[in-house]
Amino acid sequence: MSRLCAECGARAVEPCAVPGRTSAYKHFASLPIPATLPIPTCANCGTEWFDRKTSERLDAALAEAAAQQLSGLAGEALGVLSTSLNQRDLEALLGLSAGYLSKVRHAKERPSAPLVGLLALLADRPARLDEIARIWDTGHLPPRLTVDNVSLFESSVDGPAAVAY
Ligand SMILES: [Zn+2]
């Protein structure tokens, strides 16, 4: 028998397992909820009701989806970076233990979000691998853009024409 919906008052809350549902999870804006996961849902107003068991199952499913997404992103980024640097050297550059990235690539290790974020940024601009090496070499961050050198840069691009639009 259906349960009462506290939102609309209809006796229409029943476990519902359908594809196409998503949920925000940690830093992810939207992860897929497994089509097989039943969530008590009001057939009248669509409100989902999360009891403890449902919440636990959903959390476990989203944790798995997040881990899969991180692994996928890491694999993609490592594929790009492999054209710039071999995996061993990349591990050394990032202070990772030897063989770690191979395990990540073959889904034997689950990479952390910060590592995946770093790999993604490096894959976007592989020249930054050299910047990291330089930071380790010098112990200093590279020079940053300041108000002074930003205005220098802008005025040197194409002079007054740049402000015409
Ligand atoms: Zn309802």
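How many C-beta neighbours does S71 have inside 10 Å, and does that count as buried, partly exposed or exposed? S71 has 19 such neighbours, so the residue counts as partly exposed. The cut-off for a buried residue is 20 or more other C-beta atoms within 10 Å. This is a predicted model. The protein has 6 helices and 5 strands. Along the sequence they follow the pattern β-β-β-β-β-α-α-α-α-α-α.

**Overall make-up**

- The protein has 165 residues, and 10% of them are buried.
- Take the contacts with a separation of 6 or more: 57% of them link residues 24 or more positions apart.

- An open sheet is built from 3 strands in the order 1-2-5. The pairing in this sheet is antiparallel.
- Strand 1 (3-4) and strand 5 (39-42) are the edge strands. Each has a single partner strand, so one side of each has no neighbour in the sheet.
- Strand 1 and strand 2 (residues 11-16) run antiparallel and are joined by 2 bridges.
- L4 has R11 of strand 2 as its bridge partner.

- Strand 3 and strand 4 pair in the antiparallel sense, with 3 bridges between them.
- S23 is bridged to L31 in strand 4. T22 stands opposite P32, also in strand 4.
- The two strands form a hairpin, with 2 residues between them.
- K26 lies in the loop between strand 3 and strand 4. Its phi is near 45°, a positive value in a residue other than glycine.
- Most residues other than glycine have a negative phi.
- K26 counts as exposed because it has 9 C-beta neighbours inside 10 Å.

**Helix 1**

- Helix 1 (52-81) has 30 residues. From first C-alpha to last, helix 1 reaches 43 Å, close to the 44 Å expected at 1.5 Å a residue.
- Its buried residues are L62, L70, A74 and A77.
- An α-helix has 3.6 residues a turn, so residues three or four places apart point the same way.

**The nonpolar core**

- The largest nonpolar core has 10 residues: L70, A74, A77, L90, L101, V104, V116, L119, L122 and A123.
- Helix 1, helix 3 (100-105) and helix 4 (113-124) each give two or more residues to this core.
- Helix 4 supplies the largest share, 4 residues.
- In soluble globular proteins, nonpolar side chains tend to be buried together.
- Beyond its neighbours within four places in sequence, L122 of this core is in contact with A77, L81, R128 and L129.

**Helix 1 against helix 4**

- Two packed helices are described by the angle between their axes and the distance between the axes.
- The axes of helix 1 and helix 4 come within 9 Å of each other. They cross at roughly 35°.
- This crossing is left-handed.
- On the helix 1 side, the residues that meet helix 4 are L70, L73, A74, A77, L78, V80 and L81.
- On the helix 4 side, their counterparts are A113, V116, L119, A120, L122 and A123.
- L70, A74 and A77 of helix 1 are among the residues at this meeting. These three are also buried and belong to the largest nonpolar core.

- S71 sits in helix 1.
- Leaving aside neighbours within four places in sequence, S71 is in contact with A107, R110 and P111.
- S71 and A113 are 42 residues apart in sequence. Their C-alpha atoms are 9.6 Å apart in space.
- A107, one of the contacts of S71, is found in the loop between helix 3 and helix 4.
- A107 has a phi near 60°, a positive value in a residue other than glycine.
- A107 has 14 other C-beta atoms within 10 Å, so this residue is partly exposed.

Notes:
Residues numbered from 1 in each chain as written. Predicted model: local features only at pLDDT ≥ 70, side-chain atom pairs only at ≥ 80, totals over all residues. Pairing = 2+ DSSP bridges. Core = buried A, V, L, I, M, F, W, Y, C linked by C-beta atoms within 7 Å. Buried ≥ 20, exposed ≤ 12 C-beta atoms within 10 Å, placed from the backbone. Contact = placed C-beta atoms within 7 Å. Expected span 1.5 Å × (residues − 1). Axes fitted to C-alpha atoms, helices over the stretch in contact; angles between N-to-C directions. Left-handed = near helix turned anticlockwise from the far one by under 90°.
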